[in-house]
Amino acid sequence: MSEDITTEKMTLQPVARIAVQPLTTAEVKQHIGLIQQITREVMKPATHYDKIPGTKKNTLLKPGADTLCVAFKFNDEPTVTEHYDGFDYSYSVRTRLFYIPTGDTVGYGVGECSTRESKYLWREAVCREEWEATPETRRRIHFEPSKDARGYKIRAANGEGYEYGKVLQVRQNPEDLKNTVLKMAKKRAKIDAVISATGCSDMFVQDLDDPDINGAVNPEGSENGKSGFQQPKQQPPKQQQSPSEDGNEGGMLISEKQRKMLYAKSKARGLTNQELGYIVWYEAGVNELADIPADKCNDIVRGIETCTPGNVIPSEG
């Protein structure tokens, strides 16, 4: 038995054009600069955006998308389609983002969610007795890789594969999750629309919700491990506007000399790349030395000088 329920039929409206002529280079820079300023001065790490192990960009969370909507005077209008196969529910959402003062459409986003996704399909059994009392078709033994405090999976001592644990799981009741997956689909669609409409995909990636980071490997021991932080680049970025070699703070980003100074200070303090990356992210909200705003340099220096090596990254345990 299959049933599709469309809550509303959506008629696509043409995307509003802010101007007949393309934006000038200065206007594009102003737009990008506004988003960067909002990220630095309004948004907070782990609340509006977060760093997911194994990814290079920050992940935009729903509170961050809401903040950008407030800044640009956007609102969202979702259209939901429900699919039901007699047991599981899934929702497809298309969201129209519009400019509040005029009602003009500025972009669209799509998102889906289903009770058949692994994190909704299964839950850990309360006890072995519950697992054994559950029909065989509705239970399983799940092999799950062990992870450190940062979410990276841990290699086995013999170097073959990874450490793991066995988890007894049982099937969840889809009816209990119906509202949850609906809201998740709406959230995914809204974030997709905000990223597209504001053009900030170079800064953020789609919200991964509770991401599967089993593929993220602990980079410890590798000087250039992909840990969300890399060694300073030898050439300054094109956006660099700080021509002074002595670290003039009049530019938007720190100079090459300042980047080398921060890196040298971190090594003198005995910090790992991951620890320096955490300080940079915590103090400046960026993931690369090359992206540090000039006015955040002293904050990062202070963080390096006052931290305790080996105890920089907080444990999630």
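**Figure 1. Pairing of Asp-50 with Thr-59 in the predicted model.** Thr-59 of β3 is the bridge partner of Asp-50. Strand β3 (residues 58–60) and β2 pair in the antiparallel sense over 2 bridges; two strands are taken to pair if DSSP finds at least two bridges between them. Strands (E, at least two residues) and helices (H or I, at least four residues) are DSSP runs, numbered from the N terminus. The model is predicted, with local features requiring pLDDT of at least 70 and side-chain atom pairs counting only at pLDDT 80 or more, while totals for chains, interfaces and linings use all residues. Residues are numbered from 1 along each chain as its sequence is written, and side-chain values use heavy atoms, with hydrogens and water left out.

**Figure 2. The open sheet β2-β3-β10.** This sheet has 3 strands in the order β2-β3-β10, and the pairing is mixed. Because β2 (49–50) and β10 (204–205) stand at the edges with a single partner strand each, one side of each is left without a neighbour in the sheet.

**Figure 3. The open sheet β7-β9-β8.** Here 3 strands are arranged in the order β7-β9-β8 with antiparallel pairing. The edge strands, β7 (122–124) and β8 (139–145), each pair on one side only. From one strand to the next, the twist averages 45°. Strand β9 (residues 164–171) is joined to β7 in the antiparallel sense over 3 bridges, and Val-170 in β9 is the bridge partner of Arg-123.

**Figure 4. Packing of helix α6 against helix α8.** Helix α6 (residues 256–268) and helix α8 (residues 297–306) pack at an angle of about 10°, with their axes 10 Å apart; axes are lines fitted to C-alpha atoms, for helices over the stretch in contact, and angles run from 0 to 180 degrees between N-to-C directions. The two helices are therefore roughly parallel, a term for angles under 35 degrees. Gln-258, Met-261, Leu-262, Lys-265 and Ser-266 of α6 make the contact with Cys-297, Ile-300, Val-301, Ile-304 and Glu-305 of α8, where contact means heavy atoms within 4.5 Å. The residues of this contact divide into 6 nonpolar, 2 polar and 2 charged; Ala, Val, Leu, Ile, Met, Phe, Trp, Tyr, Cys and Pro count as nonpolar, Asp, Glu, Lys and Arg as charged, and the others as polar.

**Figure 5. The chain as context for the close-up views.** The chain has 8 helices and 10 strands. Of its 317 residues, 40% count as buried, that is, under 20% relative accessible area with a 1.4 Å probe, protein chains only.

Conventions:
Angles under 35 degrees count as roughly parallel, over 145 as roughly antiparallel, 65 to 115 as roughly perpendicular and the rest as oblique. Buried means under 20% relative accessible area, exposed over 50%, partly exposed in between (1.4 Å probe, protein chains only).
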